[in-house]
Amino acid sequence: MNEVKIKSNNLNVFYGDKQALFDVNLDLNEKEVTALIGPSGCGKSTFIRCINRMNDVIDICKVTGNIEIDGVEINDENLDVVSLRERVGMVFQKPNPFPKSIYDNISYGPKIHGKGETKSELDEIVERSLKKAALWEEVKDRLDEPGTGLSGGQQQRLCIARAISVNPEVILMDEPCSALDPIATAKIEELIDELKKTYTIVIVTHSMAQAVRVSQKTGFFHLGKLIEVGKTEKIFKNPDNKMTQDYITGRFG
Amino acid sequence: MTKEQRLKKRHSAERRFRLYGIASICVALLFVLILVNNIFSKGSSAFMKTVIDVEVFYDPELIEIENGASEENIREADFYDITIETLLKSYPTKNLDEENELIDLFTTDAEIEIKKAFLENNNLIGKKINLEITSSDDIDQLHKGNYPRDLPEDRRRISNFQLKIYDTLVENNKINKNFNNYYFNNGDSRDPELAGIGGALVGSFYSIIICLLLAFPVAILASIYLEEFAPKNKITDFIEININNLAAVPSIVYGLLALQILLATIQLPRSTPLVAGITLALMTLPRIIIPCRASLKAVPPSIREGALAVGASKFQSVFHHVVPLSLPGTLSGTIIGLAQALGETAPLILIGMVAFVVDIPSTPIDPSSSLPVQVYLWSESAERGFVEKTSATIMMLLSFLIVMNFIAVYLRQKFEKRWN
């Protein structure tokens, strides 16, 4: 068992009057893939958006409780979200490359964090990130073409490369394969397997099969509550909770 | 009703609707065609002027200066006698009345034209040259066929004697049509053949530049702040509603506002492009803010999230990604706002731009006219020459508007990025 990287403690999230998360206590281990499953609207995306404070963008959203990364509280008004997001990267449901060149998509993050001072340093970061995202071979000859011109699966890998480019510790993935075909999905899953050697990964998914394939730990959410969490094998073979059992066997969802 | 009947009814409803649509487009096109045809048929002749070929003899007896005189001396010299002599030579006359009628065939600026020819070629003393002197407005209109010559003499501006001279001149090929340089280079004038849109063009140009410099940065900053940074609460809602209201305020109200504040209170110089620019900027501001906000809103939120997720600050995500992506829409909105401002007349009338200004303004604080106001001024004048000038100026104004709108559409189509 790896060390705990992220720890949430009585996390509550409100959208206006509506409460989206209820007292979530969830530990996420370092260099491991944690999958969050559950029916639509159960709060799993809301939970991962708390980890990089993306909920700040939504005016009516209010977060109470604690989230710690490496023992440091991040749900703190004085915390600099910019440096938090440098450490916690995110990949979204729909591929959202910037409408710029492939090169600029990757180099943007390092540039704003002052990580690549010279052109050669940036070139190196771009190459390394694209290689890590298993995209280098496909795009190395057309780095100046727009990122939006790639196929859906390539765009999503580009977004993963963009997240990797600033060298984060954690990568959050919000249903990264929901807009992709099975072949592209397989590639992303392979990639996740590879990435977990370096990064702590949290993935939200609707596909139970995907959770089984990629994750070591699984959390099941329902109606804003964390119902059950444990080793992926155990959750899918022998869950403690009746509701988890019903969900994974497809009785509701 | 059977299934077939229902289906038939549905199809015929669709056909009917298409027919209505085509019919309304045809009606709209017909009106545009009538308007354009009307303006073109009246205005296109204003780009040419009628000239009369005369022989000028720079008689050393009549001229006050000598060969090689400095330019300044020539400018100050009197060319009146030579001019009269030249004009009278163009047709034999018997008495003073006839002489006056003959001289009336030429523009009042004939002396200036003769002096100009002398200036351009500074050793003409004692020499004869052929020169094309601009005709008076009456001859100009007669020659262009805008003037009925079958009216009785007492109801015509041109006498029988003048008609006789004209016919003789035409017979001798002495009357020609040239490009009307006065129309583009001159300011306003009481004489239609000398009146031009030069002053109005420069005045409109200064006004629009000042309007752009004031309205564009303010509108951009206001819309970026409101769209990206401002909290959504009652105050911003109130501001939003009022921006929409301001865009709908009749322009004459802005004119009144400028009259009271800019002219009466601050005492800026009246009739100037400076005041016009400020007034137009006030009017254009909400009309630019609205399309700017719309184009910022059109940038998908996923772009903002993508930037934020790699650790860009709010400011960086807005200025590195959202604003550049919204730029095509922003710029085309601005240009369309400026095109509206260019055609605005009412507020300019109130701030005194209707003044009769002969000089072409050299700075934005000189009194000036503007294109739409020039149209308004000339449309009220009685002389026939101003009718064609009015239409020609409308043509100029419309072509500026068409060019600006074309640029706006071009910018939007060329630079608009597509996401996914």
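This is a predicted model: local features need pLDDT of at least 70, side-chain atom pairs count only at pLDDT 80 or more; totals for chains, interfaces and linings use all residues.
View 1. Strands pair if DSSP finds at least two bridges between them. Helices (H or I, at least four residues) and strands (E, at least two) are DSSP runs numbered from the N terminus.

**View 2. Strand S1 of chain B and its surroundings.** S1 (residues 48–57) pairs with S3(B) over 5 bridges, in the antiparallel sense. B:Ile52 stands opposite B:Ile175 in S3(B).

**View 3. Helix H4 of chain A.** H4(A) covers residues 119–132. A:Ile125, A:Val126, A:Ser129 and A:Leu130 in this helix are buried (20 or more other C-beta atoms, placed from the backbone, within 10 Å of the residue's own). H4(A)'s buried residues pack against H3, H5 (136–139) and H6 of chain A. Contact means C-beta atoms, placed from the backbone, within 7 Å. Just after H4(A), A:Ala134 takes a positive phi of about 55 degrees.

**View 4. The contact between chains A and B.** Chain A gives 22 residues and chain B gives 19. On chain A, H2 (81–87), S6 (88–91), H3 (102–112) and H6 (152–165) each supply at least two residues.

Residues are numbered from 1 along each chain as its sequence is written, and chains are lettered from A and ligands numbered from 1 in the order written. Local features need pLDDT of at least 70, side-chain atom pairs count only at pLDDT 80 or more, and totals for chains, interfaces and linings use all residues.

Methods: Two residues are in contact if their C-beta atoms, placed from the backbone, lie within 7 Å. The expected span of a helix is 1.5 Å times one less than its number of residues. A residue is buried if 20 or more other C-beta atoms lie within 10 Å of its own, exposed if 12 or fewer, and partly exposed in between; C-beta atoms are placed from the backbone.
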